[in-house]
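Dear colleague,

Please find the structure below, handed over for your review. My findings follow it.

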Amino acid sequence: MSQPNRKASINAAGGKDDMTRPDPRNTELFKSFLGLSSQIGSDILKTQGAGGNTSIKSDGVMWVKASGTWLSKADIEDIMVPVVVDPLVAALRNGDVRAEKSTDFVVSELNSSGLRPSIETSFHAALKSPVVAHYHCVNAIALAVLEDREAMLAECMSAVSDLRWVTVPYRRPGTPLAREIEKAAASMPDVLILFNHGIIVCGDTVEEVAGRIQRVSKALSRQTRNSGLADVDALERIAKNSGYHLARDSESHAVALSNVNRGIALGGSLYPDHVIFLGTEIGVLSEGQSAADLEAASHREGREAPKMLIVPDKGVLLSSTLTAGGEVMARCLSEVVGRIPEEASVVYLSKDDEYELTHWEAEQYRQALDRGSERRNA
């Protein structure tokens, strides 16, 4: 990187490093990194809402996306947080609880956003590549939830046989996942496919990672199931006088417009961000039932009404309590289930997996940021 305009000491684990570190943010390299991050975040088939994160390492410091921020805004907002790499990796290896949030390893003088790093920062640090992109590719997820995923992925990835790729079993994001990724990092993979989660693409340069993303996306690409159009008039009648509205993204309705799509979606939770933003239950309205009827029934039973409702063969209704970050998860679900083969056996997250996610402070923090962003943009 070019010479910095300013320098900052490192404040990590309660002490200051004698070394000073350059601030790379005005360099062309960093700007190209932000450009790639924004491109990934602006592609609904790769990233939805606050999902996904990118990082770049230089001079012992790694810049990683802040928790709860949107990659799509990387080139217009200050969303990258600097952390020192080696102390964080040591903490991960030693079972130090500070590796989970990574906040003790932030270069405080350079953290102008004042935000905390992504909960997945520790796995970025564990990967040796200078540039890392993690995103929730719907094509990758559609393959990574299948019972025969190893064989299916091997067939697809044969199209990019020059790339080293590995699979990683599902673990809760944070240090459990980071520890699995560190095991895989020893082989210096170019691509890591995370079961029931997404994908990681690594490289030495921004350009190399961008090229690999393009090639891997093509290799994993799957045709979506044709499911027709939503019945807007019927959905408006059904949603009347309730706390629900039509899904604003027309593609979100596909999950309700096919027996196969509905069956897969209602079978269980497929990946973490669905659980975090839409919950573990999808409601289904019966013939003649209104959204207000379902709300009343939920209230009588003393439980929260589902955030997403399927109206079979008509479309999807979403709770008015959802933020933009929550609404985009309905589109993600539609894109994923529409790419899963009709006869495929699917591996869902377990009830324990769901509990871990819904009772996790880090994700509650991310949801709070999402609600705050909604208010600021209103």
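Helix H1 passes helix H8 in a left-handed crossing, a term used when the near helix is turned anticlockwise from the far one by less than a right angle. The model is predicted: local features need pLDDT of at least 70 and side-chain atom pairs count only at pLDDT 80 or more, while totals for chains, interfaces and linings use all residues. Residues are numbered from 1 along each chain as its sequence is written, and side-chain values use heavy atoms, leaving out hydrogens and water.

The axes of H1 (residues 28–41) and H8 (residues 206–220) come within 10 Å and cross at roughly 20°. H1 is therefore roughly parallel to H8 (angles under 35 degrees). On the H1 side, the contact (heavy atoms within 4.5 Å) is made by Leu29, Ser32, Phe33, Leu36 and Ile40; H8 contributes Val206, Glu207, Val209, Ala210 and Ile213. By class, the contact of H1 with H8 has eight nonpolar, one polar and one charged residues.

Two loop residues also deserve mention. Asp59, in the loop between strand S3 (53–58) and strand S4 (61–65), has a positive phi of about 55° although it is not a glycine. Its relative accessible area of 42% makes Asp59 partly exposed (between 20% and 50%, with a 1.4 Å probe and protein chains only). Asn196 lies in the loop between strand S8 (191–194) and strand S9 (198–203); this residue, not a glycine either, has a positive phi of about 55°. Asn196 is buried, at 2% relative accessibility (under 20%).

Yours sincerely

Terms used: Helix = DSSP H or I, 4+ residues; strand = E, 2+ residues; numbered from the N terminus. Axes fitted to C-alpha atoms, helices over the stretch in contact; angles between N-to-C directions. Parallel < 35°, antiparallel > 145°, perpendicular 65-115°, else oblique. Nonpolar A, V, L, I, M, F, W, Y, C, P; charged D, E, K, R; others polar.
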